[in-house]
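Colleague: Could you take me slowly through one part of this predicted model, namely its pockets and what lines them? I would be glad of one connected account.

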Amino acid sequence: MDHPLQGFDKKGFTATLLKWFKDHKRRLPWRESPTPYHVWVSEIMLQQTQVKTVIPYYLSFIERFPTIYDLAMADETEVLKAWEGLGYYSRARNLHQSAKIIMAQFGGIFPSQYEDILQLKGIGTYTAGAILSMAFGKKYPAVDGNIMRVMSRVLYMTDDIALSKTKRKFEQLMNEIVPDEDPGAFNQSLMDLGAMVCTPKSIKCEQCPVRAYCRGFQLNLQHELPVKSKRSKPQTVSLITLIVQDDQGRFLLMRRPSEGLLGGLWELIQFEAMDIEEVKGQPLFISFEDWTIERDLGEAIHHFSHRVWMMHVYWVRARLVQVPEEMAWYTREELSTVPISTAHKKLLEGFVSSQRK
């Protein structure tokens, strides 16, 4: 089989793409001041999240934590609160922990060596390549699903981009294509091409600056690429969710373990794979002196990428003898100060709003 780059005009492709990028690049806040810290924060936020969603979070986050030092010195609760609603909260915890590592091991200066960057939590080859090329001007590829989609079409490659071995193959190929001069602009030009022109479904080939180099376009097979095996169907989880209030109207929240889904966030009291009668019969880890179900609030659904929460929600009045250390009472006003999972934040907002009517 021929090498994918055999007969491919790398210089012409690169020059044409960079010329287009100069005139059509997106105006993004992290591009205005592409320091290693700014690029790092933006790239972590952009993992699994659209640009339009990230921009206000990025601006707020940088205002709140303007330097690596500020981020490292912050309390985890404050960092998670700043991230609230953005999802995939392990990203926030990894940023926070990595900031501490940078302070301790690199004197507060973001490392400029590939191996050192890869040692930071939450950073893989794509993010390391993006930081090194965009913030340090070093010749590294930044290969993610977006880039693999574009280059699958350009080079007409039918490798399954869902496989890790395919990503490694693309990284090797892109290492040969990324130019020595301004590699950051080149990587960003591919990102913008994938976001604006060579999109997942509505491909705008008539607007593409590099269609003369695109083998998929020439073969009229661009709509069949990339090849990607289907992800497994999300798991549905049935839950009993309790909005627990005391006689003063305070709400009882429980903090999730630091690892795993929604790690470190606060949430309502919740039980999996039970009905409400089974919950009543449990030797609860909450020491209720008495508790009463005030109302059945019905069903609520929340979708994650790999699972679906089917929540049956109840409003409960309770008076507790002792609250375990992983739990705490919060007034309505205090709810806005703690990081709460989006699924339960919506439930609380809807409940509080209904009480005011």
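Modeller: Sorted by class, the lining of the largest pocket consists of 16 nonpolar, 15 polar and 10 charged residues.

The second largest pocket, with about 490 Å³ of space, is lined by 23 residues, and Gly87, Tyr88, Leu262, Phe304 and Ser305 lie nearest its centre. Here the elements that give two or more residues to the lining are helix 7 (90-106), strand 5 (287-303) and helix 15 (342-356). In this second lining, 7 residues are nonpolar, 14 are polar and 2 are charged.

From the open spaces we can turn to the buried side chains. In soluble globular proteins, nonpolar side chains tend to be buried together. The largest nonpolar core of this model has 93 residues, of which Phe13, Trp40, Phe61 and Met151 touch the most other members. Beyond its neighbours within four places in sequence, Trp40 is in contact with Ile68, Leu71, Leu95, Ser98, Ala99, Ile102, Phe110, Ile123 and Ile131. Another core, of 14 residues, lies apart from the largest one, and among its members are Val244, Tyr314, Met327 and Trp329.

Key: Residues are numbered from 1 along each chain as its sequence is written. This is a predicted model: local features need pLDDT of at least 70, side-chain atom pairs count only at pLDDT 80 or more; totals for chains, interfaces and linings use all residues. Side-chain values use heavy atoms; hydrogens and water are left out. Ala, Val, Leu, Ile, Met, Phe, Trp, Tyr, Cys and Pro count as nonpolar, Asp, Glu, Lys and Arg as charged, and the others, Gly among them, as polar. On a 1 Å grid over the protein atoms alone, a cavity is a set of points where a 1.4 Å probe fits but cannot get out, and a pocket is an open set with protein on both sides within 12 Å along at least five of seven lines; lining residues have an atom within 4 Å of a point. Grid points are joined across faces, edges and corners, and a volume is the space filled by probe spheres set on the points. Helices (H or I, at least four residues) and strands (E, at least two) are DSSP runs, numbered from the N terminus. A nonpolar core is a set of buried Ala, Val, Leu, Ile, Met, Phe, Trp, Tyr and Cys residues joined through side-chain atoms within 4.5 Å. Buried means under 20% relative accessible area, exposed over 50%, partly exposed in between (1.4 Å probe, protein chains only). Contact means heavy atoms within 4.5 Å.
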